[in-house]
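Trainee: I am new to this one. Please show me how to read it, feature by feature.

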Amino acid sequence: MVKKMLVLMSITAMTAAITACGGTSQTTSSSTTPAASTAPVATVEANKPKPEFKALLQYARFDPNTEVVAKFLNEKTGYKVTYDMLPVENPDDKLNLLMANKEKYAYMLLSGPQYSKLAASGALEPIDELVNKYGTNMKNVISQTSWNGAKLNGKIFGIPQTGSGTIVNTQLIVRQDWMDELGLKAPTTRDELYTVLKTLKEKKNVIGLSGGKSPLLPEVLPTFGIPMVQGTATTGWQDVNGKLVNSVENPNMKKYLEFMKKLYAEKLIDQEWSLNQANKVIENFTSGKAAIISNAYFNAPTVQNALLKNSPNAKIGSFPYFKGDDGKVQVMGSAGISFYVGIPKWADNKEDIIKYLDLKLDKDIFKEAAIGKEGVHHKLENGNYFPILPKFNDEYNNASTFLTGVDEKNYPTYWQARVRKDPILTDSFNKIQEAAKGNIVLDPLAFAPPLEAIGKYNLKLQKLMEDTFLKYITGAESLENYDKFVAQWKADGGEEMTKAANEWYAANKK
């Protein structure tokens, strides 16, 4: 499923832990980014004993060592790999301990913040030379943009792993049977949305639009010319005359908040918006209390099945993405680097580790590791991959856990087999992508490496933004104080984040 979302975790006392175990400081010298190669693909040398590896993965609810994919990779590469996982609770504390003890992992799957802090502390091996020498496949299938997103102070300390390509996650869904009953047409602008909400409230006595926690509605915010990264609650960044400006500093953000405040004051949107969790929003829709919600495609089966259980004659429709004040449609897409594959400084057999990770990206090995055998786990129809059920779910449901970099050209196509496991899911995904086609906008930092200042301040400033914006929308605080909020945002780290974002952008923008 969607892996575009970044894992925003903080690693406490990481520098102290690594220093205590003898880690070296990261250098600032430049290095050559791995370039595409046409050299012969590395092959398994049958007569040469291969070292055994231990890998560290992010948490998941299964034992990776018993998975079909793990056994397949061991067989096809000739390397035996066993796996540990970080715990679900306090994973960074555990990672600190493992690094302080110089645990003998061959490689580790790391979130962006984990990657940047381990690299800065000297715990990760720079891999530029190793990749140039042994990474034939990875140089060919991982884009220059992604390699740039793994570069910290001129060196690469991990293999960048992207996911399903550029996709859109959410769309406003509506009780279509109510729309038909009232003779309402799908709105194409936010003013038309206002009219629909007003009619639904007056005629059906329901919550027009239910939502929760985040004050930023991804289907409405872009109509004010403001980007938002889907899948997160953070505001995005905009290129304004060649420089990046955070959305909280966009003058139209105040207009967006005024619009949402108007909807709230007129009781056209959920009066419990600031309290609702995601499950409550879905419950409001499926129980008939709300007419419209922003829904992710991966929730579509849950929502539809629950609604039809409660109201067998109900119908679900979806709204098109709305035109902005300039008449243009902007849909915020999700893309970027999900994880980084790092090698500890003290790992043995680093050349073999890179050879192994490179073999996993051999065209045939990678494809079978991702979606299994054709005719057994998947089938190909008109250029599209479909899972063969239940075999695919039984043996390849957890396959993405074993990714250590992807074939960026082909994996987005392979990956779509995962959204074809359920016809409701498939239909929702296809409708969203088709509706967004040609209008997708990405955050300019989507492929940036983990920037230290953003990692340091983002969570705190995100909470400040959410709490303050919800107060504006609900009327608990006056919008006249918006300039004071921006001043506080800047003083509390926003200015440093903006500086770091622009330094990277100036060096890497096309």
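Trainee: Where is Glu89 placed?

Mentor: Glu89 lies in the loop between strand E2 (81-85) and helix H3 (91-100). Helices (H or I, at least four residues) and strands (E, at least two) are DSSP runs, numbered from the N terminus. This is a predicted model, where local features need pLDDT of at least 70, side-chain atom pairs count only at pLDDT 80 or more, and totals for chains, interfaces and linings use all residues. Residues are numbered from 1 along each chain as its sequence is written, and side-chain values use heavy atoms, with hydrogens and water left out.

Trainee: Is Glu89 buried or exposed?

Mentor: Buried means under 20% relative accessible area, exposed over 50%, and partly exposed in between (1.4 Å probe, protein chains only). Glu89 has a relative accessible area of 60%, so Glu89 is exposed. Glu89 and Tyr59 are 30 residues apart in sequence, and their C-alpha atoms are 9.2 Å apart in space.

Trainee: How many of the residues count as buried, as a percentage?

Mentor: Of the 510 residues of the protein, 54% count as buried.

Trainee: What about nonpolar cores?

Mentor: In soluble globular proteins, nonpolar side chains tend to be buried together. A nonpolar core is a set of buried Ala, Val, Leu, Ile, Met, Phe, Trp, Tyr and Cys residues joined through side-chain atoms within 4.5 Å. The largest core here has 78 residues. Leu73, Tyr83, Tyr107, Met108, Met138 and Tyr356 touch the most other members. A second, separate core has 58 residues, including Phe224 and Trp237.

Trainee: How do I read a helix pair?

Mentor: Two packed helices are described by the angle between their axes and the distance between the axes. Axes are lines fitted to C-alpha atoms, for helices over the stretch in contact, and angles run from 0 to 180 degrees between N-to-C directions. Take helix H2 (residues 68-77) and helix H14 (residues 363-371): their angle is about 165°, and their axes are 9 Å apart. That makes H2 roughly antiparallel to H14, since the class covers angles over 145 degrees.

Trainee: Which residues of H2 and H14 meet?

Mentor: Contact means heavy atoms within 4.5 Å. From H2 come Val69, Phe72, Leu73 and Lys76; from H14, Ile365, Glu368 and Ala369.

Trainee: And another pair?

Mentor: Helix H11 (residues 278-286) packs with helix H12 (residues 300-310) at an angle of about 40°, with axes 9 Å apart. That makes H11 oblique to H12. Ile282, Phe285 and Thr286 in H11 meet Val303, Ala306, Leu307 and Asn310 in H12.

Notes
Angles under 35 degrees count as roughly parallel, over 145 as roughly antiparallel, 65 to 115 as roughly perpendicular and the rest as oblique.
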